Amino acid sequence: MRAPERDTEEHGLIGDPARLAADLLDWYDAHARDLPWRVSPKARRAGVTPDPYRVWLSEIMLQQTTVEAVKPYFRRFVAEWPTVRDLAAADADAVMKAWAGLGYYARARNLLACAHAVVEKHDGSFPQTEAELRKLPGLGAYTAAAVAAIAFDRPAAVVDGNVERVIARMIALPVPPRTAAPVRETVARMAPEIRPGDFAQATMDLGATVCTPRRPACILCPWRDWCRARRRGEQDMFPVKAAKPSKPDRVGAVFVAVRRDGAVLLRRREAKGLLGGMAELPTSGWSARQDGDATAAAAPFLAVWRKVGQVAHGFTHFNVILSVFRADGVETAKAPPGHWWSRPEEIAGEALPTVMRNALKCAIPPATEPKIWNRR
């Protein structure tokens, strides 16, 4: 470990960027996480190159989702659709079903749109530059930078939440990092010409395993001597938190109609908008009024509807509270227009978002209807 340089500023990077990058890469070579989409440093040295499709797929899945939650979804996706051409040829409903439970469903729609664009406009090969990657559906600044760096070893400032936290502590950033250009500028200064993909993954790993949100393990950090927050003993004061806006509540009703054979009535949401293209239980509108539509008045047909409980779910910009109604022994075999009956052995494979699965569990507890809950 090199001797730290003298801290003469309030905030800003201490130390030579090239030396900091080299120290981090040495640390990464010894401590890189084993992830199903990652080519390890050892494999890279042996000449194995990352598959841009797997890099892109993992980055889309990891947006606003944890690594542990993504792993099983990623493995299922690459087993079902091992290449971008396979994904482009996939049935949209099958993709939405495979995505169900991962959340932020616009990502799944963009996933298909991007796969189509790569096949139709780029002959099945991902563009290699940030600028060209940004033109693909669903690739913002972060994802384009991540794919360019990790898949193609292009120097890029790859800044996710973990990296924001690391750099905010390194430079003792006095404002929330998401509103500050210095984070991206600092990463850009350090990103090396050699091994930029490994450097990007190393900064993410450092934030995920050492420079954690609470009680960072500074003694294990390769940058500890150059970290302004650590020098001041103020690690837990950074990053500065932005004030969280309050989220309004919306209310509504959701209806679980159970046919005599155990089938449940479902319908498809519109392709655009919240949860677009997903399957759902029939539901009322979701109103901001507290008296809202939390009654059986919006049921899909006349029946003996009884309230069996309530479920709550948080979306990005609001919370929803749904009263759950159930009708048993529905005799009609014909579903209303735009609806279908899903049999007990089919429910697990439907593209139901989490809020609807929770409503279904509220109305039909797993212990009472085991066939419905046999997940893949």
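In this predicted model, K241 is an exposed residue, with a relative accessible area of 67%. Exposed here denotes a relative accessible area over 50%, so K241 qualifies for that class with its 67%. The residue belongs to the loop that runs between helix 13 (228-232) and strand 1 (249-259).

The chain as a whole may now be considered. Its secondary structure amounts to 15 helices and 6 strands. Taken along the principal axes, the box filled by the C-alpha atoms is roughly 80 × 45 × 35 Å. Of the 376 residues in the chain, 50% are buried.

Across the whole structure, a search finds 11 aromatic pairs. One of them is formed by W286 and F318, whose ring centres are 6.4 Å apart. The planes of these two rings stand at 65°, and the pair is therefore edge-to-face. This pair links distant parts of the chain, since W286 and F318 are 32 residues apart. W286 is found in the loop between strand 3 (279-280) and strand 4 (306-314), while F318 is found in the loop between strand 4 and strand 5 (319-330). In contrast to the exposed K241, both W286 and F318 are buried.

Aromatic residues also come together in a group: F255, F301, W305 and F325 form one aromatic cluster.

Definitions and conventions:
Residues are numbered from 1 along each chain as its sequence is written. This is a predicted model: local features need pLDDT of at least 70, side-chain atom pairs count only at pLDDT 80 or more; totals for chains, interfaces and linings use all residues. Side-chain values use heavy atoms; hydrogens and water are left out. Helices (H or I, at least four residues) and strands (E, at least two) are DSSP runs, numbered from the N terminus. Buried means under 20% relative accessible area, exposed over 50%, partly exposed in between (1.4 Å probe, protein chains only). Rings of Phe, Tyr and Trp (its six-membered ring) pair if their centres lie within 6.5 Å; planes under 30 degrees apart count as stacked, over 60 as edge-to-face and the rest as tilted.
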